[in-house]
Amino acid sequence: MLKIRNGRDFVGGVTMICVGLLFIWFGRGLEAGNSFQMGPGYFPTMLSLLLMAIGALIIGQSLLVDAEEGEPEAWNWKAYLLVILGPVGFGFLLAGLGLAPTMLLLIVGVATASRYANWRHSILLGLFLSVCSVLLFTKFLSLPVSAFGPWIPFIGELF
Amino acid sequence: MDIFSNLWLGASTAFMPMNLFYGFIGCLLGTAIGVLPGLGPTATIAMLLPITFGLPPEAALIMLAGIFYGAQYGGSTTAVLINLPGESSSVVTAIDGYQMARNGRAGAALATAALGSFFAGSVATILLAVAAPPLAAVALNFGPAEYFSLMVLGLVASVALASGSLLKAFAMIVFGLILGTVGTDVESGTPRYVFDIPELYDGLNFVAVSMGIFGICEILRNLENEHERSVGVRRVTGLMLTKEDFKRIIAPVLRGTALGSFLGVLPGGGAMLASFAAYAVEKRVSPNRAEFGKGAIEGVAAPESANNAGAQTSFIPMLTLGIPGNPVMALMVGAMIIQGITPGPNVISDEPDLFWGMIVSMWSGNLMLVILNLPLIGLWVRMLTVPYHLLFPAIIGFCCIGAYSINNSVFDVFVMAGFSVIGFALSKMRFEPAPLLLGFILGPMLEENLRRAMLISQGDPSIFVRSPLSLSLLIFAVVVLVLVLSPSISRKRDEAFTE
């Protein structure tokens, strides 16, 4: 009787197979060529097949070998969401708001992911880091991003 | 003597005021960030890479190397003072170092670490200067087949020496290799996996990828079981070692240096393996082995010398063959490519200033660390007390701007965010991210050499076994694989990592 003895590895193996399938699917238009003159699709396709084979082996192992005892996983969905969406928001807002307000929002936003955060500290930290990053990146390293963007009409014109 | 003129050339580059300055800044930044808990050298370098883009190549690489040793050193400071290793290579330092600190000998432990590291760094630098030119000369005769086999050996060995499941590590390498194919195919000009996104035509940016899977992903893991650390740091006094201390650390430092220098050259080796092995050896051979675990000064001296020697000699394969053995070296290779230098045996002859300058700067960097760290210890201790809930937003902010500054485009920020999700999902399934980065960096080179070799042989794969050099590299790879798979060795390997 086969039963899944190591759920985490089983999922891992399935994931690897899916990744291989994805790359084969999206690379289906690439010319593979032959081993003498390899086309652009040859190497990625071979690797995807290899990855799927390894995935199958991992699945096999997960059916045969018991998982070792580990500490139970802790999940903190609020933290994941905030920390991952923070940079995404940064990317969308940077051009419109400019560096200083975007930085402030990012810092205050991601800081709430911690259970020890308090608003006063986060806002102070955010202000401090926006001033620093404006000085360092727009003034000193002259990145092509302004401190205040076009969405903030009045202050933006002062800089 | 050739080596002296080479070192002289290197000294004239490394001691240029500008390069000394950037080396100093690198050591300072590296230590400052390495001291912060939860940030290892890989994440530190990934985070700070963008600020070196604007520098000339010599200064940029000298600074990055400085960041690397600084981060390494900062990690051992936290290990001694609060029993919290900043990175994996100082895990064993914490065992006896923290006990020494509890016995009121924190100063002596830190001084031992600094002096041991400096001695090991000096020896490893000389070793690098002696070994690199002949190795590069051999590598110059490599054809595509030999290069392909060498990279296969490097990848196999890096998996063999890493901890955790072998199969999963292989999966990560292959995944990394596939990710490396994203972008325009060099030979045919065909875009691959770009989904009509113009930014992807140059491939995924490795800085954004590594910031995602190392920097942001570490934060996600740390936030999972977050608890406020009450850091009770003692005042550090008594930095001077007694005569008795000196007598006790000489042999461990020598043994640690020798072992670390050797293990650092191996692919996948480097600082972590070196420090573990040195501690294990010392525990067997030391006349004071009864004191181990209770604050033996040998237990600090040996692993600290070994990890610094290993960190230094891991530059050998990277600089001479262009093959990174660990994720930090993979980042260095990436930094060289960004600076327009193709890593490999040609660097030594095409860019002698850069090559020898970097080698001499390793020595000067180590000297700076000794001078810098012992007096500044109070500052580092103060940095330790920065609470994590103020630290991680700053890291995220810095990563965002850093990713943006790579190409002045927010696309790389999205890539970073995407890879933090991928890296996090992988780590939840217990896949190690380090081999992924190695595969990602080596992928394009591996493919290019494979295709060229097959073109030369007209599609006959026996080209890889006909050249004696390539054949022996492949046999070596197979031997490594068999050794690791054999049950008795794998048991030893597990022991070595749990010890």
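The questions and answers below go through parts of a predicted model with chains A and B.

Residues are numbered from 1 along each chain as its sequence is written, and chains are lettered from A and ligands numbered from 1 in the order in which they are written. The model is predicted: local features need pLDDT of at least 70, side-chain atom pairs count only at pLDDT 80 or more, and totals for chains, interfaces and linings use all residues.

Q: What distance separates the centres of domain 1 and domain 2 of chain A?
A: Domain bounds come from an automatic or database domain assignment. For chain A this gives domain 1 (7–64) and domain 2 (77–158). Taken over C-alpha atoms, the centres of these domains of chain A are separated by 40 Å.

Q: Which element gives the largest share of the side of chain A that touches chain B?
A: Residues are in contact if their C-beta atoms, placed from the backbone, lie within 7 Å; 58 residues of chain A are in contact with 53 residues of chain B. Helices are DSSP runs (H or I, at least four residues), numbered from the N terminus, and those giving two or more residues to this side of chain A are α1 (7–26), α2 (42–64), α3 (77–97), α4 (99–111) and α5 (119–140) of chain A. The largest share, eleven residues, comes from α2(A).

Q: How many residues of the side of chain A that touches chain B are charged?
A: Ala, Val, Leu, Ile, Met, Phe, Trp, Tyr, Cys and Pro count as nonpolar, Asp, Glu, Lys and Arg as charged, and the others, Gly among them, as polar. On the side of chain A that touches chain B, 40 residues are nonpolar and 16 polar, and the number charged is two.

Q: How many residues of α4(A) are buried?
A: A residue is buried if 20 or more other C-beta atoms lie within 10 Å of its own, exposed if 12 or fewer, and partly exposed in between, with C-beta atoms placed from the backbone. The buried residues of α4(A) include L99(A), M103(A), I107(A) and A111(A). What covers the buried residues includes α3 and α5 of chain A together with α18 of chain B. Of the 13 residues of α4(A), the number buried is ten.

Q: What is the distance between the end C-alpha atoms of α12(B)?
A: The expected span of a helix is 1.5 Å times one less than its number of residues. Helix α12 (residues 298–313) of chain B has 16 residues and should span 22 Å. The end C-alpha atoms agree with this, as they are apart by 22 Å.

Q: Are α9(B) and α20(B) roughly parallel or roughly antiparallel?
A: Axes are lines fitted to C-alpha atoms, for helices over the stretch in contact, and angles run from 0 to 180 degrees between N-to-C directions. The axes of α9 (residues 206–224) of chain B and α20(B) come within 11 Å and cross at roughly 175°. Angles under 35 degrees count as roughly parallel, over 145 as roughly antiparallel, 65 to 115 as roughly perpendicular and the rest as oblique. The crossing therefore makes α9(B) and α20(B) roughly antiparallel.

Q: Which residues of α20(B) meet α9(B)?
A: By class, the contact of α9(B) with α20(B) has seven nonpolar, one polar and no charged residues. From α9(B) come F206(B), V209(B), S210(B) and I213(B), and they meet, in α20(B), L436(B), L437(B), F440(B) and I441(B).

Q: Is N408(B) buried or exposed?
A: N408(B) is found in the loop between α18 (388–407) and α19 (411–428) of chain B. N408(B) has a positive phi of about 50° although it is not a glycine. With 10 other C-beta atoms within 10 Å, N408(B) is exposed.

Q: What is the distance in space between P468(B) and E146(B)?
A: P468(B) is in helix α22 (residues 468–485) of chain B. P468(B) is exposed, with 9 other C-beta atoms within 10 Å. P468(B) and E146(B) are 322 residues apart in sequence, and in space, C-alpha to C-alpha, they are apart by 9.1 Å.

Technical notes:
Contact = placed C-beta atoms within 7 Å.
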